[in-house]
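Here are my notes for you on this one, jotted down while going through the covalent and charged links. Have the structure open as you read.

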Amino acid sequence: MATPNLTPLLPSMNHSAPALDPLRIPGESMELHSLENLSEHSKRNLPTSPSTPFLRSPGGGVYHPKHAPSMLRTLWVVAALLVLSLSYLIFCYIVDHKLVKVSLYNVDVSVSRMNIIKAGVTSINILIITVALLPLRSLVGDLQGEEFFRVLTLKRRGVPLSVVNQVSTPSYGFSDKLGAVLRRQSSGVFAGAFVASLIAIIASTLAPATLSVQVVQVDDELQAFRVGAIFRQSVWNVTEEGVYTAKMVPRRTGYAAVLPWVETNLKATYNWGLPEDGPDGSLYAIPTPIDVPVQKPIRYVTDLIKIQPSCKWHAPDLSNVTGTTNYSQEQFAVIPELGWRVKVTDYDLVGFEENDFSLYDISPEASLIGKITDRDGNSITDGSALWHITKCIPGGTGKCWSEIAPDPEQIGTLVLKDIPVSRYTSGGNNKTYEISYLACRPSVAVETREIRTDTSGRMTVVPAERTYAPQYNIHRQQSRVLMSQAIRGLADVASYAGPNPYSDQKMNGLGGAAQLQLLFGSEVAETAPENNQFVVSPIDQISKRYGKLVQSTLKLFLDGSLAQGYVPGRTVRNILVFTTSRPHLYVSTVVFILLSIFVIMAHFRTPVPQFTFFAVASSLSRSEVPGVFEGIKHRDGDTVPERLAVQELRDRPIALEGHPGLSPTAIRLR
């Protein structure tokens, strides 16, 4: 369908079309009346009370004081905005500077309920901010309703009809408003209202997130806790008859040896959880409370054992070892770097298995018989541990399993990579072995620190920001000696330290799972390595595992079984308190200040009527616009679509005649 030519129906730019009566009915004549031409009957029906006077506009229109912004309305908007928002922000500032407890009657404030409680607080915050912004949104709506008449005053020569038509559309959305503001086709009041609506969105988003809740711990009264201890005679008893190990120590070594495997491989925590490593990589062995449930949060001050483990491989000097099977003949393997002498026999060096990893007994009894001493024959009392590792070398007179086994690929291969070794030929089986010694030192120190526990039983060592008085529940020398004794179970009964699944690979001489984990890592302790190549881990990894090994085993000796002492502490209870986000708080404060300034400034805007039926009708009473539009729409008896009609008129300026603060007299096309 061809677009109809509407040009003849458009008024000329040089003259005005005759005024058409928008209420004219065919065949009937009706004359427009201004206020002074109304009949006496109509005048009597007009409201004439002093509270609702009618004023004459310069062109004869009517203006009512209701068009002007009401001071009471402005005060109501400002009061609603300020009272609620200010009260909310003041409370947030109070929470930011002091502890404010949340009082909930008969409500569980455990961590498991925190999500529900936080959601409830956020919902209340949203409700408060929404109510505070309701009057502002009403004001913004009023300003948008005034934009139809306000935009007509932008330019003296008028604005394009398309702009006015778009403003009067109910579906005037965000993108339309943004485009009008950016193209400067809107009034300053409308632009301010648009910006205020964006700020209100920011306020409704950030302000509710300013206030939240969380569980914090508060201390109860000071009390004395009974904890584990190591006193002067707890590990080594010194008497006139000599030095011997306390009876309680060997009773618990078997159980202690299995703890590293249980806690590392089975992921099962015994009693209290291990604390995190120190900032310098040190480990902590902590005396644990005896009468306090694991799930009860507490904090207390105690002496603890600080461990800084280090291990090193040593090639022994076997020049004095002849390989004889005469066990009555004393032979010593010497570790020159340490100055230690180890009394050995042929069986001690090779054992029953071709691949062997054995822990030596460093105890008073072993020292008395000269099993392992320093150069002067004294006991090793610094808490060190000593293992020897042995590997059969093919090619000797005696044959290794890998040389005679029906399926050599099934036999595991022990790889001593970057490990110093010494060679030794057994006088018992004529096999040749590579032997090395692993010496690990805990480097024990005793410190007094504050300990905190949580509901899961995990312990935390508080950073040493202050100095505490010693509690004397840990004896430094006795704790050193305990380091050597705590892991004796690894040598006494291998099964205590977890299973060894590699008997078919001839690797069961390496000990139980705890020793496998020390040498190869937790993965090899559970699953055979690729190609049965058992590669010993780097020494730094072995040092860390040794520290964890000692740390776990000490739990069995610091639980009060050796000795008990009393230390000061407090039980801790959880309370629910309000919390604030400072960035959100500061931004919300600025946002509400801007909105309050906008409300005050909006009160002093130039008054124009709202886009109502009455205002539009009175504005078109003396205008030619209705006649022009009617003529275009029904030209030659055909109904032209509004889209085409507006397209023809979109660039025609439309202007407002009359004082903009009063009811407009006429809207005219120019």
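The points below start with the overall picture and then turn to disulfides and salt bridges.

1. Before anything else: this is a predicted model. The protein has 670 residues, of which 47% are buried. On the secondary-structure side, you'll find 19 helices and 23 strands.

2. Counting pairs at least 6 apart in sequence, 77% join residues at least 24 apart.

3. On to the cysteines. The model has two disulfides, and with bonded cysteines counted along the chain they follow the pattern 1-4, 2-3.

4. Take Cys-311 and Cys-440, joined with an S to S distance of 2.0 Å. Cys-311 belongs to strand 9 (residues 310-314) and Cys-440 to strand 17 (residues 432-441), so the bond ties together parts 129 residues apart in sequence. The torsion about the S-S bond is about 115°, so this disulfide is right-handed. Both Cys-311 and Cys-440 are buried.

5. Cys-392 and Cys-400 make up another disulfide, with 1.9 Å between their sulfur atoms. The link is left-handed, at -85° about the S-S bond. Cys-392 and Cys-400 are buried too. While you're looking at cysteines, Cys-92 has a relative accessible area of 0%, so that residue counts as buried.

6. Now the charged pairs: the count is 16 salt bridges. One of them pairs Arg-573 with Asp-220, the closest N and O atoms being 2.9 Å apart. Since Arg-573 sits in strand 21 (residues 564-580) and Asp-220 in strand 4 (residues 211-228), the pair ties together parts 353 residues apart in sequence. Arg-573 is partly exposed at 40% relative accessible area, and Asp-220 is partly exposed at 25%.

7. Lys-306 and Asp-280 form a salt bridge as well, with the closest N and O atoms 3.4 Å apart. Lys-306 is in strand 8 (residues 298-307), while Asp-280 is in the loop between helix 7 (248-264) and strand 7 (283-285), so parts 26 residues apart in sequence are tied together. Lys-306 is buried at 14% relative accessibility, whereas Asp-280 is partly exposed at 45%.

8. Glu-447 pairs with Arg-449, the closest N and O atoms being 2.8 Å apart. Here Glu-447 is partly exposed at 23% relative accessible area, but Arg-449 is buried at 9%.

9. Finally, have a look at Asp-219, Arg-299, Glu-450 and Arg-452, which are linked in a salt-bridge network.

Terms used: Residues are numbered from 1 along each chain as its sequence is written. This is a predicted model: local features need pLDDT of at least 70, side-chain atom pairs count only at pLDDT 80 or more; totals for chains, interfaces and linings use all residues. Side-chain values use heavy atoms; hydrogens and water are left out. Helices (H or I, at least four residues) and strands (E, at least two) are DSSP runs, numbered from the N terminus. Buried means under 20% relative accessible area, exposed over 50%, partly exposed in between (1.4 Å probe, protein chains only). Contact means heavy atoms within 4.5 Å. A disulfide is a pair of cysteine sulfur atoms within 2.5 Å. A salt bridge is a side-chain nitrogen of Lys or Arg within 4 Å of a carboxyl oxygen of Asp or Glu.
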